[in-house]
Structure formats: structure tokens, C-alpha cells
Amino acid sequence: MTNTLSLPQNDWIDFFKRALIDPKNSALWDFVENAYATSVCYPPKNQLFEAFVQCSFCDTKVVIMGQDPYHGPNQANGLCFSVNSGERHPPSLRNIFKELEADVSKPYPLSGDLVNWAKQGVLLLNDVLSVSSGLAGSHQKIGWEVFTNDIINHINDNKNGVIFLLWGGYAKKKGLKIDRSKHIVLETGHPSPLSANRGFWFGNKHFSEVNRILENRCDKPINW
């Protein structure tokens, strides 16, 4: 398995090399290898770690937490909430873009690919990094959660001033161990229609708040 994954060739590499030989992750890598060999899974195997390929550890200044990848064909590209350019925007992504439009007066984007955010230091991190085709949540509780907890802990322990955006109860629970004396945590409801239509998403102004925080410390704002 370790020879078939595309690892980020940046300052994440030592973390990933350790994770790939850590005994506590061995069942995870065995599961992922078997799942991709015997069934259709998303994202493509070479994009499992795309969030880290596109956003180095050094550059990470914002973390957005998602749950697991989209389970339809040609959607998931390894970045949470993101879909490949040209694909129809799923409901949660549509609501993200609607809030973005209202918050920072940015025209609704044509492309749902969020790689431009990642390249500016936004780590788009799903809790679970793979899924079987047509089966939402199918790769939960097989070890990804432990792996992504280690990612968060690594950021928590080795960086300062990272802005974590926790959208919905699942992400809020995931972020309970973030050291809020070192980092900034912004919380709101999930952008899914169920939450958004009940008043728990729209109007959170997280995008402008992130840029206000960055500008106040003379850091470059995100071009959302």
C-alpha cells in the first residue's frame, strides 16, 4: 500500500512516512488497498491526500473540516466540499457559495473546484478520506478518523494562530481538542440544506471574518 499512494512531496512528507509505518494505521491501509482493488471508490487513489499536496504544512493558516467525500462519480477530488470543475455543485457547496456571495460580494463561482483556496493556505480536510461509490459514509470507523485526528493534533501542537472553521456538530466534535489559547476556532451550522434552511448556516460571515483576522495580523487574506 505504501508504494501505491501519492504522498505530498512537501513538508508534510515526514508526517506521512511515519503514518504509513505506524502499527495503529496498518488496518486502515490494508482496508483502503483492498477497497480500491476490488470496488469503485472515491476520490481516485492518487488524490486521497490531495488536500496536503495542494496545501503545505508551512502554508496552512485556515482549516475547514468536512466529513467524508462525495460518493458520486467524478465529484470527489480529495478536498472537502470541493468537486471537479464542470461537475454540478452539490447542495452543501451551493450553500457555501451563496454565503460567500452574500458575505464578501463575490459572484457565485462557475467551478466547484476549491483548489485555489488550498493553494492559498486553506487545508480542506475531510474526517474520512475515502468512500465507496454510492455509499455515503461507507469508510467511516475503519481508521481514517484516527489518522485525521493525528493531522489535527500535528497542526495543533506545531503551529500557532491557525483558524479552524467547524461547520456542524460533527466538525465541532472533531475540534474539541484544539488548543484555543493558540488557535482561533469559528463555529456555525453545517451548510447542508437541512441545517441551512433552519437558520444555522446563512449569515455566519466566516469568510470575511477569516480575512479580518488575517489582515489584522498583517497576513495575506484569502481570495475566496
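Reply: P43 lies in the loop between β1 (41-42) and α3 (50-54); helices (H or I, at least four residues) and strands (E, at least two) are DSSP runs, numbered from the N terminus. The peptide bond leading from Y42 to P43 is cis, with omega near -5 degrees. This is a predicted model, in which local features need pLDDT of at least 70 and side-chain atom pairs count only at pLDDT 80 or more, while totals for chains, interfaces and linings use all residues. Residues are numbered from 1 along each chain as its sequence is written, and side-chain values use heavy atoms, with hydrogens and water left out.

An open sheet is formed by 4 strands in the order β3-β2-β5-β6, with parallel pairing; two strands pair if DSSP finds at least two bridges between them. The edges are held by β3 (122-126) and β6 (184-188), each with a single partner strand, so one side of each has no neighbour in the sheet. On average, neighbouring strands of this sheet are turned by 20 degrees against each other, direction ignored. Strand β2 (residues 62-66) runs parallel to β3 and is joined to β3 by 5 bridges. M65 stands opposite L125 in β3.

Helix α6 (residues 144-158) packs on the sheet and touches β2, β3 and β5 (163-167), contact meaning heavy atoms within 4.5 Å. The direction of α6 makes about 155 degrees with that of β3; axes are lines fitted to C-alpha atoms, for helices over the stretch in contact, and angles run from 0 to 180 degrees between N-to-C directions. Helix α1 (residues 13-21) in turn packs with α6 at an angle of about 145 degrees, the axes being 12 Å apart. Their contact is made by F15, F16, R18 and A19 of α1 and by F147, D150, I151 and H154 of α6.

Helix α9 lies across β2, β5 and β6 and runs at about 170 degrees to β5. Helix α4 (residues 91-104) packs with α9 (residues 206-216) at about 55 degrees, with the axes 8 Å apart. That angle makes α4 oblique to α9 (under 35 degrees counts as roughly parallel, over 145 as roughly antiparallel, 65 to 115 as roughly perpendicular and the rest as oblique). I96, E99, L100, D103 and V104 of α4 make the contact with H206, F207 and S208 of α9.

The structure as a whole contains 22 aromatic pairs; rings of Phe, Tyr and Trp (its six-membered ring) pair if their centres lie within 6.5 Å, with planes under 30 degrees apart counted as stacked, over 60 as edge-to-face and the rest as tilted. The ring centres of W167 and F207 are 6.1 Å apart and the planes stand at 70 degrees, so this pair is edge-to-face. The pair links distant parts of the chain, since W167 belongs to strand β5 and F207 to helix α9, 40 residues apart.

Phi of F81 is near 70 degrees, a positive value in a residue other than glycine.
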